Amino acid sequence: MDVKKQLEDIINDNNIILFMKGDPHQPRCGFSARVVDVLKENNVEFSYMDILEDPEVRQVLPTISDWPTFPQLFVKGELVGGCDIVTEMHQTGELKAVLQS
């Protein structure tokens with residue numbers, strides 16, 4: 001199975017998934033750490049994938065999401081956004097509605 005298909009399956013099979021640098025216990029960039037903190041503040045369970053483990057994932061995922069940077073948060077198969085968008089949505093309360101839908 002090719003990487004694009006695998007990533008599409010992962011996105012669709014997980015209610016909330018964060019493609020990040022590192023893992024939730026040890027993020028490897030400040031932007032990933034911020035999104036993890038926001039998700040924890042919203043008390044939601046989420047899956048994650050460390051994009052640093054596979055260069056092909058780092059290359060292919062932006063072609064699926066049409067988003068060039070990491071982290072990338074997907075909810076129910078749809079890209080929510082990166083750190084700035086997720087943080088802004090959290091501050092306005094919009095993120096909570098998306099996560100609970």
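This is a predicted model: local features need pLDDT of at least 70, side-chain atom pairs count only at pLDDT 80 or more; totals for chains, interfaces and linings use all residues.
1. Pro 71 is found in the loop between α3 and β5, where helices (H or I, at least four residues) and strands (E, at least two) are DSSP runs, numbered from the N terminus. A cis peptide bond joins Phe 70 to this proline, with omega at about 10 degrees. Pro 71 also lies 9.1 Å from Cys 29, C-alpha to C-alpha, although the two are 42 residues apart in sequence.

2. Residues are numbered from 1 along each chain as its sequence is written, and side-chain values use heavy atoms, with hydrogens and water left out.

3. Cys 29 itself has its place in the loop between β3 (26–27) and α2. With a relative accessible area of 18%, Cys 29 is buried, a word that here means under 20% relative accessible area, whereas exposed means over 50% and partly exposed in between (1.4 Å probe, protein chains only).

4. The sheet is open and is formed by four strands in the order β4-β1-β5-β6, with mixed pairing; two strands pair if DSSP finds at least two bridges between them. β4 and β6 (78–81) stand at the edges with a single partner strand each, so one side of each is left without a neighbour in the sheet. Neighbouring strands are turned by 25 degrees against each other on average, direction ignored; axes are lines fitted to C-alpha atoms, for helices over the stretch in contact, and angles run from 0 to 180 degrees between N-to-C directions.

5. The pairings can be followed strand by strand. β1 and β4 (residues 47–50) pair in the parallel sense over four bridges, and within this pair Met 20 has Asp 50 of β4 as its bridge partner. β1 and β5 (residues 72–75) pair in the antiparallel sense, also over four bridges, with Ile 17 standing opposite Phe 74 of β5. β5 and β6 are likewise antiparallel, over three bridges, and there Val 75 has Glu 78 of β6 as its bridge partner.

6. Helices pack on this sheet as well. α4 touches β5 and β6, and its direction makes about 80 degrees with that of β6. Helix α1 (residues 3–13) touches β1, β4 and β5, and its direction makes about 135 degrees with that of β1; contact means heavy atoms within 4.5 Å.

7. Strand β1 (residues 16–20) deserves a separate remark, since five of its five residues are buried, so that it is largely enclosed by the rest of the structure. Both faces are covered, with Ile 16, Leu 18 and Met 20 buried on one side and Ile 17 and Phe 19 buried on the other.

8. The axes of α1 and helix α3 (residues 55–65) come within 10 Å and cross at roughly 65 degrees. That makes α1 roughly perpendicular to α3, given that angles under 35 degrees count as roughly parallel, over 145 as roughly antiparallel, 65 to 115 as roughly perpendicular and the rest as oblique. The crossing of α1 and α3 is right-handed; a crossing is called left-handed if the near helix is turned anticlockwise from the far one by less than a right angle, and right-handed if clockwise. Val 3, Lys 4, Leu 7, Glu 8 and Ile 11 of α1 make the contact with Glu 56, Val 57, Val 60, Leu 61 and Ile 64 of α3. By class, the residues of this contact are seven nonpolar, no polar and three charged, where Ala, Val, Leu, Ile, Met, Phe, Trp, Tyr, Cys and Pro count as nonpolar, Asp, Glu, Lys and Arg as charged, and the others, Gly among them, as polar.

9. For helix α2 (residues 30–41) and helix α4 (residues 83–92), the axes come within 9 Å and cross at roughly 30 degrees. That makes α2 roughly parallel to α4, and their crossing is left-handed. Phe 31, Arg 34, Val 35, Val 38 and Glu 41 in α2 meet Cys 83, Val 86, Thr 87 and His 90 in α4, a contact that divides into five nonpolar, two polar and two charged residues.

10. Asn 43, in the loop between α2 and β4, has a phi near 50 degrees, a positive value in a residue other than glycine, and is exposed at a relative accessible area of 70%. Lys 76, in the loop between β5 and β6, also has a positive phi near 50 degrees, but counts as partly exposed at 45% relative accessibility.
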